[in-house]
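Reader: Please show me the model first. I will then ask what lies behind the terms you use.

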Amino acid sequence: MGFKCGIVGLPNVGKSTLFNALTRTAAAQAENYPFCTIEPNLGDVPVPDPRLMRLGAIARSKDIVPARLTFVDIAGLVKGASKGEGLGNRFLGQIREMEAIACVLRCFDDPDVTHVHGKIDPLGDLETVETELMLADLESLEGRVAGLEKRIRGGDKDAKLALSLSEAALGLLRNGHPARRLDVADEHRSAFAALQLLTAKPVVYVCNVDEASCAAGNEYSALVEERARADGAACIVISAAIEAELAQLGDADRLEYLQSLGLDAPGLDRLIHAGYRLLGLITFFTAGPKEARAWTIAAGTRAARAAGKIHTDIEKGFIRAETIAYDDFVTLGGEAKAREAGRLRLEGKDYIVADGDVLHFRFAV
């Protein structure tokens, strides 16, 4: 899995411009008026990982297959969205399908681009978005409590856990805090996820700044970064205008342009890496003459389950995982030399895969 990240925010903050740049398409209409995005725009993009290219070169792989993720450009939210204002209910439903949220906040002045509230106030914009998501969660949970209580009276044990989690989340929401702040035991995480709470989703604040502020940020983005630290959220600074320019350049010109701006990576790379950290994702690799491929899994995944990412038959018939650490594969020059040097390990189904592992699964159908 990669992950499905919804790009949200108020109208005219640069969401669609950023989406177009990140996906290198013109699929989203980046027009200067609210609600120009009527259907969610999906963009499937490769996950940048220089390790994959190095593995492919060493293994002389015919094809290089990166991991992929999906960005979804969701139309701008406004105050009252939880009550259906501005097509709100429709788009709140789309956010529920996301694994993470990138909340784009306008951190630039431009008299030619209108602001829905008439002033630049990224923290106020964030409060509007967060409040609407919390109100939607409150309505959702309050509407299901009676049904859960009825199921408990009928002896449904799962309903008892769902009610306990719902009440705990309601306590937070009623005090103005998002559900993601709830401390959920590991064994209850899937039950909590089943509640499909908007404010339980991991969030990264994306500060959309002017071109001059792309490297160091500005006074607006500094306020957002301070808020992110308090919220335990991720925060990155991006200039959507610059990302749009980068999207039109070849690799060599893109690198030169980045260096001239004092940047070491495009915004896409930083947004993806922030998302991976938020969701606790890691990458393992397979590498051979046919192809070198990156696979995304959750940190803590055991070898047999990781094998299932390639094919369910491999997981079912798992025998062992021939494992080489990425650094050993590169330093020693490939699988054969790593084997000769004793750096290839045979791991069982309960082995916890490490980020960067180069794996070859043995299995029997």
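Reader: What percentage of the contacts in the chain between residues at least 6 apart in sequence join residues at least 24 apart?

Author: The figure is 69%. A contact here means heavy atoms within 4.5 Å. This is a predicted model, in which local features need pLDDT of at least 70 and side-chain atom pairs count only at pLDDT 80 or more, while totals for chains, interfaces and linings use all residues. Residues are numbered from 1 along each chain as its sequence is written, and side-chain values use heavy atoms, with hydrogens and water left out.

Reader: What is the average pLDDT of the chain, and which stretches are below 50?

Author: The average is 86, and 89% of the residues score at least 70; pLDDT is the predictor's confidence in each residue, from 0 to 100. Residues 26-38 fall below 50, although this stretch has 34 contacts in the model beyond near neighbours in sequence. Residues 84-88 are also below 50, with nine such contacts. Where pLDDT is low, the predicted coordinates should not be read in detail.

Reader: How many helices and strands does the chain have?

Author: There are 14 helices and twelve strands.

Reader: Why is helix 1 called largely enclosed?

Author: Eight of its nine residues, 15-23, are buried, so the rest of the structure largely encloses helix 1. Buried means under 20% relative accessible area, exposed means over 50%, and partly exposed lies in between (1.4 Å probe, protein chains only). The buried residues of helix 1 are Lys 15, Ser 16, Leu 18, Phe 19, Asn 20, Ala 21, Leu 22 and Thr 23. Over the chain of 365 residues, 50% count as buried.

Reader: Why is Asn 12 called buried, and why is Gln 196 called partly exposed?

Author: Asn 12 has 13% relative accessibility and therefore counts as buried. Gln 196, at 45%, is not under the limit for buried and not over the limit for exposed, so it counts as partly exposed. Asn 12 sits in the loop between strand 1 and helix 1, and Gln 196 in the loop between helix 6 (189-193) and strand 6 (203-209).

Reader: What is the phi of Asn 12 and of Gln 196?

Author: Asn 12 has a positive phi of about 65° without being a glycine; for Gln 196, also not a glycine, phi is positive at about 55°. Just after helix 1, Arg 24 has a positive phi of about 50°. Most residues other than glycine have a negative phi.

Reader: How do you know that strand 1 pairs with strand 4?

Author: Two strands pair if DSSP finds at least two bridges between them. Strand 1 and strand 4 (residues 68-73) are joined by four bridges and run parallel, so they meet that limit. Lys 4 stands opposite Thr 70 there. Strand 1 also pairs with strand 5 in the parallel sense, over four bridges, with Ala 102 as the bridge partner of Ile 7.

Reader: What makes the Phe 284 and Phe 361 pair edge-to-face?

Author: Rings of Phe, Tyr and Trp (its six-membered ring) pair if their centres lie within 6.5 Å; planes under 30 degrees apart are stacked, over 60 edge-to-face, and the rest tilted. The structure holds four aromatic pairs. Phe 284 and Phe 361 are 6.1 Å apart, centre to centre, with 90° between the planes, so they pair and count as edge-to-face. Phe 284 is in strand 8 (residues 281-287) and Phe 361 in strand 12 (residues 358-363), 77 residues apart. Ring pairs also link Trp 295 and Phe 318 with these two into a cluster.

Reader: What makes Arg 51 count as a charge over the ring of Tyr 326?

Author: The limits are NZ of Lys or CZ of Arg within 6 Å of the ring centre and within 35 degrees of the ring normal. Arg 51 lies over the face of Tyr 326, 5.9 Å from the ring centre.

Reader: Which residues touch the most other members of the largest nonpolar core?

Author: They are Phe 71, Tyr 205 and Val 206, out of 67 residues. Strand 5 (residues 100-107) gives the most to this core, seven residues. A nonpolar core is a set of buried Ala, Val, Leu, Ile, Met, Phe, Trp, Tyr and Cys residues joined through side-chain atoms within 4.5 Å. A second, separate core of 19 residues includes Leu 165 and Leu 195.

Notes
Helices (H or I, at least four residues) and strands (E, at least two) are DSSP runs, numbered from the N terminus.
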